[in-house]
Every structure is written in C-alpha cells, then in structure tokens.
Amino acid sequence: MPSRLALIATLGALLLAGCAREEIRTYRVPKEDPMAAVPPAMRTASGATVPTDAGAAAQLAWSAPAHWQEQEASGFRRGSFTIPGDGGASADLSIIAFPGDAGGLGANLNRWRGQIGLPELPEADVQATVEHVDTPTFHVDFIDYLGEADGAPTRIVGAILHFGNESWFFKLMGPAELVAAETPNFRAFVDTVAPAPAP
C-alpha cells in the first residue's frame, strides 16, 4: 500500500509539473501592406493602382512615313519601327506606355540621357530641356539629346504624352546624323497620334 501511495504522489507531482510548463505565448505580426504585392511601376504617387490589363488599356493609333519599317511590337512595346539609313545604318523607334506618371518626367528623361552617356541633371535643369508643343490631339513634351553610344555620336529625339491614365513614350534613337535627318518625319509622325477608333 505505501508503494501505491508513493506512485499516486509521483504521478500527481508530474501532472502538476506538466501543467506548470503550459503558458500562453503571444507574437506580434506586422500588418500586411496591401501595396507590397503591387509592382512599383504600377503605383502612382498617391499609392493608388491603375488598370494593368493591357487589353483594357486605352490605345492610340498613328500613321508612319512609308520608308519606316514597322516591326512586331513585343514586351513593353506598343509599337516599333526601324528607320533605315545610308550604308546600312538604322535607327530604332520604340513606343511604350506605362501607367500613371511612370516615375516622373525628369527621372525618365535622365534615364534616356544616361543611354547616350549624358550626365543626369537636377529636376529643374532636365525640365528646361523639354519643348512643350500642342499637336492636333495632345499636349506633347519633346526632347532632343545628342550624346554618344558605343563610341559613336548618337541622338535621341523623344515625345511624351499622357492618354488613358498612361504615360506614352515615343523614342527615336540611333546614329546622330540619321536621327537628325529623320527628326522632321518624327515630329510629323507624332502629329498623327490620336485615339484609336473603337473596334
């Protein structure tokens, strides 16, 4: 009988010890930021998102000079042309649209400047390189930068406009002499840009 009492006492002690180990633990979990899942390029300065479905995005139409060679638009490009020049030279025209202000005009122009070896400019100075023009349909920001790429004089002429909650970038880049010769055609091309007819 004493051994039975000892066994009961031991079990009781173990049970109490086991109960003493149980405790309630609490953890702090950071509140999830719903914008964290949204790619930066899809955010506006206010933090709001804009439509991302390319099929639902507003579209533009244009008329290009006959000697420009239209290429298949792929990736981010909404349109693409190769402009042939003398001696096998060619320039590239890309048409890209991003939601909202796409990071701001100054940042995008400095990105273009960097592509031809030009230094980044403070916001006020880069804004001073912009020529503001009203086409038949849009207010357009034109730029013309001369720099160098791969050791050769290279020029970028560009046009930026806003349509359908998107910033549209038209960039003609290539050998400086060829791009300079094509600049009047580029400006005439931008004049034709207008909302695409409804299907």
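1. The buried residues of helix α2 are covered by several elements, including α3 (123-127), β6 (139-149), β7 (152-163) and β8 (166-175). The model under discussion is predicted. Helix α2 spans residues 105-115, and its buried residues are Leu-105, Gly-106, Asn-108, Leu-109, Asn-110, Trp-112 and Arg-113. Just after this helix, Gly-117 adopts a positive phi of about 75 degrees.

2. Arg-113 also takes part in a charge-ring arrangement: its charged end sits over the ring of Tyr-145, 5.0 Å from the ring centre. Likewise, the charged end of Arg-78 sits over the ring of Trp-168, 5.0 Å from the centre of that ring.

3. Strands β5 (residues 131-134) and β6 run antiparallel and are joined by four bridges. Within this pairing, His-132 stands opposite Asp-141 of β6. The hairpin between β5 and β6 passes through four residues.

4. Strands β6 and β7 are also antiparallel, with nine bridges between them. Leu-146 has Arg-155 in β7 as its bridge partner. Two residues lie between the strands in this hairpin, where Asp-150 takes a positive phi near 55 degrees.

5. The count of aromatic pairs is 10. Phe-138 and Phe-163 form an edge-to-face pair, with 5.7 Å from centre to centre and 75 degrees between the planes. Because Phe-138 lies in the loop between β5 and β6 while Phe-163 belongs to strand β7, the pair ties together parts that are 25 residues apart in sequence. Phe-138 has 9% relative accessibility and therefore counts as buried, the cut-off being under 20%.

6. Phe-170 and Phe-189 are both buried.

Definitions and conventions
Residues are numbered from 1 along each chain as its sequence is written. This is a predicted model: local features need pLDDT of at least 70, side-chain atom pairs count only at pLDDT 80 or more; totals for chains, interfaces and linings use all residues. Side-chain values use heavy atoms; hydrogens and water are left out. Buried means under 20% relative accessible area, exposed over 50%, partly exposed in between (1.4 Å probe, protein chains only). Contact means heavy atoms within 4.5 Å. Two strands pair if DSSP finds at least two bridges between them. Rings of Phe, Tyr and Trp (its six-membered ring) pair if their centres lie within 6.5 Å; planes under 30 degrees apart count as stacked, over 60 as edge-to-face and the rest as tilted. A charge sits over a ring if NZ of Lys or CZ of Arg is within 6 Å of the ring centre and within 35 degrees of the ring normal.
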